[in-house]
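Thanks for making the time this morning. I would like to walk you through a few local features, so please have the model open as I speak.

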Amino acid sequence: MAVKKKIKGPVIDTFKWKGINRKGGKLSGEIQGESLAEVKAELRKQGVNVTRMQKKAKPLFSFADKVKPMDIAVISRQIATMLGAGVPLVQGLQLIAKSSEKPASRKLMSSISQEVATGTPLSQTLRGHPLYFDELYCDLVDAGEQSGALDTIYDRISIYKEKTEVLKSKIKKAMFYPAAVLTVAGLVTLLLLLFVIPQFKDIFEGFGAELPAFTLFVLGISDFVQHSWYMIIAAVMLFIYLFKRAHRTSQKVRDNTDKFVLKIPVISTILDKAAVARFARTLATTFAAGIPLVDALVSAAGASGNYVYRSAILNVRTEVIAGMQMHVAMKTTTVFPDMMTQMVMIGEESGNLDGMLSKVADIYEQQVDDAVDALTSLLEPMIMVVLGIVVGGLIVAMYLPIFALGSVVG
């Protein structure tokens, strides 16, 4: 069996140049290309006589030069637009590679365009880059190639990727704000316990009187933090490391985490709606692409992003294989909302299941957006109250002995 040699994409560099145009005017700028000769030839075509050119130095560290999921969404939209305009696939991929601003994106698309140019199907080429194109993406492209409607399929893929990434960003927004504020609150509290409260302790030692119980409690916490702060930080970092490792390696830990997050007040509402939206959007896209329903349900289960919904969807698939209608199977799981099962029932009866699922996805994506805005508005006063209680409690604990001393002197 012959081993297929993987074609490496060309190295795209950025060149800084200075030159003179046909009218004698001085020009300068930057241009990207594979070699010095190529970019000089390109500039000559544009009527520029190059007087000076040098390769632009690359930064030692570049945190932004990574192909992110949103970049894949943009690339998918570009491919859909090219195909819709009648541009041949290979030419379109080459144009996208040259126009990409990120070097990593240029390298990826150059590699893909070269391999497709040799006659390899696009779906097979994409499967060679699983870090950027998942199984669902490749299956949809394969379905488009088999049906001869790759432009239509890519339009659906681009919509799917765009909607999915927007939904992810909304969920991250919902989680980031409270996490950031609580982290800052924890750091402020730690600084008070380490540096401010010990100053009060030195003052209290000269009082010669018994301190209030609340003050003694706070001073005890301060002493413990001063002597064991490194152990506390080490324990927190060790816990985070062990949890991330267990979450990565243990399916049971991931499943239990998914169950737990769906029980967190307020947050669980957003996660529930997001899972329903992802399920509906994925199933609508795959089913509309011509993938059989039982296979589309497998993809939708993986895309739901939560063990509870993944298990429920796989149970629905089992019932559908046995001959049960999908809306009836969904109702028996008691996981999906009534409105969704009713709309799926209408879609099945009308023969427009993919269209109805798209509407369901639109509804729940909008609900996620509204829920995130509501959560932000709700959390702001709650976090202020928590901060007030923690910081205010520490301050009151330090001033209680002073108030008590003032009343005795008075």
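I will begin with the aromatic pairs and finish with one serine.

Please keep in mind that this is a predicted model, in which local features need pLDDT of at least 70 and side-chain atom pairs count only at pLDDT 80 or more, while totals for chains, interfaces and linings use all residues. Residues are numbered from 1 along each chain as its sequence is written, and side-chain values use heavy atoms, with hydrogens and water left out.

The structure holds six aromatic pairs, where rings of Phe, Tyr and Trp (its six-membered ring) pair if their centres lie within 6.5 Å, and planes under 30 degrees apart count as stacked, over 60 as edge-to-face and the rest as tilted. Phe239 and Phe243 are stacked, because their ring centres are 6.4 Å apart and their planes stand at 20 degrees. Phe239 is exposed at 59% relative accessibility, whereas Phe243 is partly exposed at 36%; buried means under 20% relative accessible area, exposed over 50%, and partly exposed in between, with a 1.4 Å probe and protein chains only.

Tyr309 and Phe336, by contrast, form an edge-to-face pair, with centres 6.0 Å apart and planes at 70 degrees. Here Tyr309 is buried at 4%, and Phe336 is likewise buried at 6%. Ring pairs also link Phe133, Tyr137 and Tyr154 into a cluster.

Finally, Ser28 is exposed, at 53% relative accessibility. Its C-alpha atom is separated by 9.2 Å from that of Arg52, 24 residues apart along the chain.
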